[in-house]
Amino acid sequence: MTSRPEGLSAYIAVTAAYWAFMLTDGALRMLVLLHFHELGFSPIQLAYLFVLYEVAGMVTNLSAGWIAARFGLTSTLYAGLGLQVAALLALAALDPAWSVAASVAFVMTVQGASGVAKDLAKMSSKSAVKLLAPKDGGGLFCWTAALTGSKNAVKGLGFLLGTALLATTGFLGAVLGMAAVLAAILIAVILAMPPEWRAARQLRLHRKLRRVAVSAGPFSVTGNVHLPTTGEVSDHLLHRGQRFLPLTDAYLLHNGEPPFEHVVSVVIVNTAHIALGTLKLAAARHLPDHASFLRFFGHAASRDNLDAYQRYIR
């Protein structure tokens, strides 16, 4: 009997949310397209309705990493679903008596919100798979393939659903019905999410922030390090398989003095780089001229470098 993979329950909840969103997203596209075509909108006017949808999605993708790192993937997933519900409800307020310009501007704005919702939900679902999938046996590949491979099929089913709803219930009934169903799915996903992932910041792209001080050679660096919630800060961090330790919001000292006045956004602490930096400082102080410095670091194979090191630097 095979054991249940860890994280499978959260994966099922995330996948269900992703499918529900893609179903309503596909249906909403067809609803808007066909409904406004029936109202006599020209092809160019119909195209305008979807411009902000794509632009908003692009902007969301550019900032998605920062959003997920700050608020967590569960928060962005819930926000995507909730924003889609709000967009559907907003479309229900569309008044047929409005002018063409007012209708286009209103629907463009609502579609823009839907574009933000789409990419929040998509980014959250696809990124969460990397955290939840088993690390062995091709689990990451299989779980990712199942999630992303189903996207187009579910969205195609949404196109069919949108046309069927428009033909049977009309535009208003369709958007209200989808808003109600998607809101119910959002509540169900929140409740079905395993307790260990239910907290808003549990599914995080970055790990827990800890303020640390690292001494390396003549340098001391104080900054934030990203570690697992159970991780501990110790000197061996610089000597494990990953030799780079990134620190954010860092403050540097060299021999107890600040080398410059500003706080550095990111510092990559590495033992080899520290040694090279120390060597450059010593060379700048002791080599006789600029040509010697350039030869020492720009022409590493020069035979004169060993003599310069032993004569001036060591």
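## Ground rules and overall make-up

Helices (H or I, at least four residues) and strands (E, at least two) are DSSP runs, numbered from the N terminus. With that convention, the chain has 11 helices and four strands. This is a predicted model, in which local features need pLDDT of at least 70 and side-chain atom pairs count only at pLDDT 80 or more, while totals for chains, interfaces and linings use all residues. Residues are numbered from 1 along each chain as its sequence is written, and side-chain values use heavy atoms, with hydrogens and water left out.

Of the 314 residues, 38% count as buried; here buried means under 20% relative accessible area, exposed means over 50%, and partly exposed is in between (1.4 Å probe, protein chains only). The accessible surface of the chain is about 17300 Å², and carbon and sulfur atoms hold 64% of that area. Areas of this kind come from the Shrake-Rupley method with a 1.4 Å probe, and for residues only the protein chains shown count as cover. A contact means heavy atoms within 4.5 Å. Among contacts between residues at least 6 apart in sequence, 67% join residues at least 24 apart.

Before zooming in, a look at confidence. pLDDT is the predictor's confidence in each residue, from 0 to 100. The chain averages 76, and 73% of the residues score at least 70. Helix α6 (residues 151–168) has the highest confidence, at a mean of 88, whereas strand β4 (residues 264–269) has the lowest, at 57.

Over residues 200–206 the pLDDT is below 50, and this stretch has 28 contacts in the model beyond near neighbours in sequence. Residues 229–242 also stay under 50, with 19 contacts beyond four places in sequence. Where pLDDT is low, the predicted coordinates should not be read in detail.

What forms the nonpolar patch on the surface? The members are Ile-44, Tyr-48, Val-51, Leu-52, Val-55, Met-58, Val-59 and Leu-62, with about 760 Å² of accessible area together. Patches are made of residues with over 30% relative accessible area and no salt bridge; like charges are joined within 9 Å, and nonpolar side chains (Val, Leu, Ile, Met, Phe, Trp, Tyr) within 5 Å. Val-51 sits in helix α2 (residues 43–71) and is partly exposed, at a relative accessible area of 40%.

## Salt bridges

A salt bridge is a side-chain nitrogen of Lys or Arg within 4 Å of a carboxyl oxygen of Asp or Glu. The whole structure contains five of them. One joins the side chains of Arg-29 and Glu-54, at 3.9 Å from N to O. This pair links distant parts of the chain, 25 residues apart, with Arg-29 in helix α1 (residues 8–38) and Glu-54 in helix α2. Arg-29 is partly exposed at 22% relative accessible area, and Glu-54 is partly exposed at 41%. Asp-25, Arg-29, Glu-54 and Lys-155 are linked in a network of salt bridges. Lys-155 belongs to helix α6 and is buried, with a relative accessible area of 10%. Leaving aside neighbours within four places in sequence, Lys-155 is in contact with Met-22, Asp-25, Gly-26, Arg-29, Tyr-53 and Lys-118.

Asp-119 has two partners to look at. With Lys-118, the closest N and O atoms are 3.5 Å apart, and both residues are buried. With Lys-122, the salt bridge is also 3.5 Å from N to O, and Lys-122 is buried as well. Asp-119 and Lys-122 are separated by about one helical turn because they are three residues apart in helix α4 (residues 100–132).

Is Gln-84 buried or exposed? Gln-84, in helix α3 (residues 73–91), is buried, at 0% relative accessibility. A polar contact of 2.8 Å joins its side chain to that of Ser-114. Such a contact is a pair of N or O atoms within 3.5 Å; within protein, one must be able to donate a hydrogen and the other to accept it, and residues adjacent in sequence count only if both atoms are side-chain atoms. Not counting residues up to four places away in sequence, Gln-84 touches Phe-21, Thr-24, Asp-25, Leu-28, Ser-114, Ala-117 and Leu-182.

Phe-297 lies in helix α10 (residues 290–298) and is partly exposed, at 26% relative accessibility. Beyond four places in sequence, Phe-297 is in contact with Leu-276, Leu-279, Lys-280 and Ala-283. Phe-297 and Ala-283 are 14 residues apart in sequence and 9.4 Å apart in space, C-alpha to C-alpha.
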